[in-house]
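Hi everyone, thanks for coming. Let me put the structure up, and then we can walk through it together.

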Amino acid sequence: MEPVQLLDPDGRLTQDENWPLELTPELCRDLYRRMRLARRFDEQAYVLQRQGELGLWLQSLGQEAAQVGSISAVRPDDHVFPSYREHAAALCRGITPAELLVQWRGSRNSGWDPATYRFHIYTLVLAAQLPHATGYAMGVQRDGTDEIVLAYFGDGAASEGEANETFNWAATTEVPLLLFCQNNQWAISTPAHTQTRTSLHQRAQGFGLEAHLVDGNDILAVHAVTAAVAERVRSGGGPAMIEAQTYRMAGHSTSDDPDRYRDASELDSWKTRDPIHRLERLLEERGWMNDGFRADLEAECEVFANRTSQECKQLPLQDVSTLFNTVLAEPTPLLTEEHRRYAELVASFAE
Ligand SMILES: Cc1ncc(C[n+]2csc(CCOP(=O)(O)OP(=O)(O)O)c2C)c(N)n1
């Protein structure tokens with residue numbers, strides 16, 4: 001099955017009458033601006049990690065269309081459950097750079113109040129957010145409101161029991177849940193095609209979910225499909241799943257070297273499908289992006305990058321002992337031993 005595509009890699013509009021989209025210059029400029037800001041933020045966070053200001057960073061480079069296109073197609077009061085790479089989506093909800101970076105600097109265990117942004121904290125345990133999202137959606141169902149729940153997960157996470165239990169649980173309870181899989185082709189060094197014999201959206205269909213495959217680097221397709229599917233979920237049509245085919249253009253994290261397991265030619269071929277360039281070509285071809293808009297956006301990106309650096313450096317550095325002391329109310333012997341060994345290790349660097 002071919003993924004839904006409304007904008008080809010050369011920025012040419014393609015037709016798909018099943019997924020109508022009211023295309024306006026304002027919508028395209030807004031989506032483009034959000035993707036550019038997200039990418040600039042991500043680049044800056046990477047630099048901050050390399051400067052030693054962050055312990056770790058997981059880049060969202062290349063996945064901006066999947067994230068911005070989907071979150072901009074649901075309502076601001078729809079609760080979102082991310083995994084850990086959804087920075088572009090988080091920024092769309094107004095989460096600040098400091099809130100996004102605090103966890104990766106090790107200053108606090110997590111960064112923001114989920115109730116304020118209707119955006120749950122990051123979940124590092126793969127797929128653990130999916131049963132949480134389903135449970136939350138059961139609550140929404142019982143409250144009888146017209147909210148929906150949007151939950152992100154990756155192709156690797158789809159191999160977890162929790163993901164498959166969620167498919168089944170959501171389908172049988174008919175909760176208002178929209179599952180959004182960013183299939184970025186890799187789970188660290190494991191290619192997606194080695195983890196499943198059927199495509200992920202077909203697996204979801206097997207569980208009884210409405211499921212669609214979309215070109216995740218085509219922001220117009222992601223936006224149109226998510227908007228239509230979200231409205232079906234909202235109007236009682238039952239849960240659904242969207243698989244967005246995209247690509248993780250960076251390493252898994254700043255501790256990973258993707259050159260050790262994937263060909264440069266693969267990255268090169270995905271660079272020609274860069275989600276930002278694609279929309280840029282459309283904006284240029286239609287004359288929807290003048291010099292003023294371009295210059296203002298460049299300046300806004302630089303201001304945002306500077307703000308990101310400043311907010312990051314102002315975050316207090318935490319004594320790691322606090323992390324050991326705040327995990328469990330009653331520490332286990334193992335935790336106490338790990339804490340002792342950690343203190344010993346730190347002391348060995350005293351000089
Ligand atoms: C339950 C669990 N098992 C293993 C890991 C280690 N791990 C962290 S990220 C990752 C790969 C995840 O790949 P995917 O779901 O495709 O998301 P991506 O990182 O590509 O965005 C693995 C195996 C983990 N965090 N949680």
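Let's start at the ligand: one of its oxygen atoms is 2.6 Å from an N or O atom in the side chain of Tyr-84, which makes a polar contact (a pair of N or O atoms within 3.5 Å). Arg-85 brings a polar side-chain atom to 2.8 Å from a ligand oxygen, and for Asn-184 the distance is 2.9 Å. On its own the ligand has 590 Å² of accessible area, and the protein covers 71% of that (Shrake-Rupley method, 1.4 Å probe).

A word on the source: this is a predicted model, where local features need pLDDT of at least 70 and side-chain atom pairs pLDDT 80 or more, while totals for chains, interfaces and linings use all residues. Residues are numbered from 1 along each chain, and side-chain values use heavy atoms, without hydrogens or water.

So who surrounds the ligand? There are 15 residues around it, with Tyr-84, Arg-85, Leu-124, Gly-156 and Ala-157 the closest; a residue counts if one of its heavy atoms lies within 4 Å.

Stepping back, the protein has 14 helices and 7 strands (DSSP runs of at least four and at least two residues). The C-alpha trace spans about 65 × 50 × 40 Å along its principal axes.

How values were computed:
A polar contact is a pair of N or O atoms within 3.5 Å; within protein, one must be able to donate a hydrogen and the other to accept it, and residues adjacent in sequence count only if both atoms are side-chain atoms.
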